[in-house]
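These are my notebook entries on a structure that I looked up.

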Amino acid sequence: MRIGAAAIGLTIASFSCPAHAADVVIGVPAWPSAQVTAHIIADTLKDRLGIETELRERGTLTILSEVGRGNIQVHPEVWLPNLTDLVEKLAEQEKVLRLSPHGVAATQNICATRETLDQTGIKAVADLAKPEMAAKFDSDGDGKGEIWIGAPTWSSTEIEKIRAHSYGYDRTMTLLEMPEDVAMAGVDAAVSLGRPIVFYCYGPHHVFQLHDVVMLEEPPYDPSRWTLVKRAEDSAWLEKSHADTAWDASEFHVAYAASLETERPDAASFLSAIELGPEDITAMSYAVVVEGRPVEDVAKDWIAQNEDRIGEWTK
Amino acid sequence: MTGMPGGLRAVLKWMPSAVGVLVLAGAALAQAFETQIYDPNTRQWVDYTPKAAARFYNRHGQSPKEFRRQVVQFRTAEKPGTIIIDGDRHFLYLVQPNFQAIRYGIGVGRDGFGWAGIVKVGRKQEWPTWTPPPEMIARDPESAKWAGGMPGGPDNPLGARAMYLYVGNKDSIYRIHGTNQPWTIGLNISSGCIRLNNEDVSDLYSRVEVGAKVIVLMQGAALYKGV
C-alpha cells in the first residue's frame with residue numbers, strides 16, 4: 001500500500017527537526033501508524049538508550065533509498081511484498097539494510113460495504129469486469145463504474161492498475177487515484193446515502209472499525225499468475241505485467257541501517273526486537289485519524305501503556 | 001425517499017450529463033449529474049431541470065426536502081468542522097460530533113472545469129462583493145457594469161455569505177457562497193463554485209472556522225471555474 005511521497009501538502013502533519021546532528025535519523029512516512037511508530041522509536045531511543053534522534057518526513061521509497069545512502073537509519077514500517085525488490089537489493093545484495101524479524105500481518109484487497117453486496121449482488125473482484133455490474137458503480141454517468149485504487153504515489157497503486165488490467169475491469173471501471181482522505185470521505189458519503197461503492201483497502205486500517213466493510217472474493221495468491229514489470233523500467237509495463245489473483249500475504253516490518261549493528265548495537269537490538277501486532281496498528285491509526293489526537297501524544301500514551309514490552313525490547 | 005410539501009412525494013435520482021472537468025491532484029475524471037424527481041401523481045420521473053426546479057420552488061417556496069438542511073448519520077474519520085462536498089449528489093456535509101453531519105443542498109457549475117481534492121477555508125466574508133470574471137463580461141455584456149465589483153446585497157449572485165477556498169495560503173478562486181437564485185439548489189446551473197441558499201450559507205458560515213478542511217469528492221467534482 002502506501003508508498004512514496006505524501007500526497008497533498010495540506011494533509012501532511014509537520015514534525016520537528018532538531019538543528020543539531022542526530023545519532024539516529026528516523027524516516028516518517030505519511031500514514032498514521034508509521035508516524036506513531038516513528039515517534040515511539042524516537043522516544044524510546046532517547047529515553048531508554050540516551051540516543052539523540054531526528055524525525056525526517058519523507059516518502060517511503062525515499063526513506064529506504066536514504067537508508068541505502070546512510071542518510072537515514074530507520075524506517076518504521078516497510079510493506080512487503082510492495083517493496084520486496086528494493087528491500088532485497090538493499091538487504092541481500094548491498095547488505096546495508098536489516099528488517100526486524102517480527103512482521104505485522106497485513107491485507108490488501110478490493111473492498112465494498114456490506115450494503116453494496118446486498119444492493120448489487122457483487123461477490124468477487126472479477127465481477128467488476130462485467131459491464132452490467134460495473135455500471136452499478138457509475139457515479140459520474142459515463143456508463144463505467146468508479147473505483148479508488150490508491151493514492152498516486154503508493155507502489156500498490158501501480159500494482160492495482162496491473163490487477164485491474166489483468167482482471168479486465170480497467171475497461172469497465174474508471175480507476176481513480178486520489179489521496180486517501182478523499183477516498184475515505186467518499187466511502188463515508190456512500191454509506192450515509194446508502195449507495196454502492198468499491199475501493200482498494202488495506203489493513204490494519206480504521207475503516208474496518210468505522211464501516212461494515214467486506215473484502216471481495218478472489219482466487220488465492222498464485223505466484224505463477226503474478227508478473228510485475230515496473231512502469232519506471234519499461235514503457236510497456238502494463239502489457240507485460242499480469243496479476244489476476246489475490247495479493248500475496250502482506251506484512252510490514254521495522255527496517256534499519258545495518259551500520260547500527262556496529263555503531264549503536266543497543267539501538268539495533270531494540271529495533272530488531274520491536275514486535276507490534278495488528279491491534280496496536282489499528283489503535284494507533286484510529287487514535288490519530290478518527291479521534292484526531294496528535295501523533296506525539298498517541299506515541300507517548302502507547303509507551304506508557306506498554307512499558308513492559310519496551311523493557312523486553314531494550315534489554 | 002421522503003414526503004414532500006403539498007402532498008407531492010418526490011424521490012431523487014441522478015442522471016448523468018457529461019461534463020469534462022479538470023481534476024486537482026491528478027486523477028479522477030468527474031462529471032456532473034442532473035437530478036430527477038419522482039412525481040407519484042403522474043408516476044413519472046421528472047427531470048429536475050431549471051424549469052422544473054423553478055416551478056417547484058414557486059409552488060412550495062423551497063427546494064425539495066432532500067436538498068434542505070438536515071442532520072444525517074455520517075460515520076467518518078474526519079474531524080467535526082470538516083466540510084465534504086459531493087457535487088454529483090448536490091450535497092455538502094459539515095461533519096459534526098457523534099458520527100453525524102449537517103447536510104446541505106447545493107448547486108454546482110453547469111459545465112466547465114471541476115476538480116477534486118483537499119483545500120481549506122482561507123477566508124470568510126459576509127455579504128461579499130462580486131466581481132464578474134473577464135470571460136463572463138465577454139459572454140454577458142450586462143455584467144460589464146459590475147466590472148469594478150458589485151456591492152454585497154440581496155441581488156448579488158454570491159448571496160449572503162462567502163467562504164473562500166485556499167490551497168495552502170493561496171486563493172484557489174473557488175468559493176462556497178450563497179445565491180440570489182435559491183431555486184437553483186440541486187442543479188448544475190450555477191455560473192460558479194458551490195452555492196447554497198442564503199439561509200443555509202449563513203448557517204454554514206456561522207459554524208465553519210477559517211482553516212477548516214474541505215474535501216471535494218472525486219466523483220463529485222462538478223465545480224465551475226470562477227463565479
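Entry 1: Helices here are DSSP runs of H or I with at least four residues, strands are runs of E with at least two, and both are numbered from the N terminus. The contact draws on A:Thr44, A:Leu45 and A:Leu49 from H1(A), and on A:Asp266, A:Ala267 and A:Phe270 from H11(A). The classes are nonpolar for Ala, Val, Leu, Ile, Met, Phe, Trp, Tyr, Cys and Pro, charged for Asp, Glu, Lys and Arg, and polar for the others, Gly among them.

I noted that the model is predicted, that local features need pLDDT of at least 70 and side-chain atom pairs pLDDT 80 or more, and that totals for chains, interfaces and linings use all residues. Residues are numbered from 1 along each chain as its sequence is written, while chains are lettered from A and ligands numbered from 1 in the order in which they are written.

For the geometry, I read that helix H1 (residues 32-49) and helix H11 (residues 265-273) of chain A have axes that come within 11 Å and cross at roughly 135°. Axes are lines fitted to C-alpha atoms, for helices over the stretch in contact, and angles run from 0 to 180 degrees between N-to-C directions. The two helices are therefore oblique to each other; angles under 35 degrees count as roughly parallel, over 145 as roughly antiparallel, 65 to 115 as roughly perpendicular and the rest as oblique.

Entry 2: At what angle do the axes of H1(A) and H13(A) cross? They cross at roughly 60° and come within 8 Å, so this pair is oblique as well. The crossing of H1(A) and H13(A) is right-handed. From H1(A), I listed A:Pro32, A:Gln35, A:Val36, A:His39, A:Ile40, A:Asp43 and A:Thr44; they meet A:Val295, A:Glu296, A:Val298, A:Ala299, A:Lys300, A:Trp302 and A:Ile303 in H13(A). This contact has 8 nonpolar, 3 polar and 3 charged residues.

**Entry 3: a residue of H13(A).** I placed A:Ala304 in helix H13 (residues 295-305) of chain A. Is A:Ala304 buried or exposed? A:Ala304 counts as exposed because 9 C-beta neighbours lie inside 10 Å. The scheme calls a residue buried if 20 or more other C-beta atoms, placed from the backbone, lie within 10 Å of its own, exposed if 12 or fewer, and partly exposed in between. A:Ala287 is 17 residues away along the chain, with 15 Å between the C-alpha atoms.

Entry 4: For chain A I recorded 14 helices and 12 strands. Its radius of gyration is 20 Å, which agrees with the value near 20 Å for a compact globule of 315 residues; the radius is taken over C-alpha atoms, and the globule rule is 2.2 Å times the number of residues to the power 0.38. The C-alpha trace of chain A spans about 60 × 40 × 35 Å along its principal axes. In chain A, 51% of the residues count as buried. Chain B has 3 helices and 14 strands, and 49% of its 227 residues count as buried.

**Entry 5: backbone features.** I found a cis peptide bond from A:Leu80 to A:Pro81, with omega near 10°. A:Pro81 sits in the loop between strand S3 (74-80) and helix H3 (84-93) of chain A. Another cis peptide bond joins A:Gly203 and A:Pro204, with omega about 5°; A:Pro204 lies in the loop between strand S8 (198-203) and helix H8 (207-210) of chain A.

B:His90 is in the loop between strand S5 (83-86) and strand S6 (91-96) and is buried, with 29 other C-beta atoms within 10 Å. B:Asn98 also has phi near 60°, but counts as exposed with 8 C-beta neighbours inside 10 Å. Its place is in the loop between S6 and strand S7 (100-105) of chain B.

Definitions and conventions. Contact = placed C-beta atoms within 7 Å. Left-handed = near helix turned anticlockwise from the far one by under 90°.
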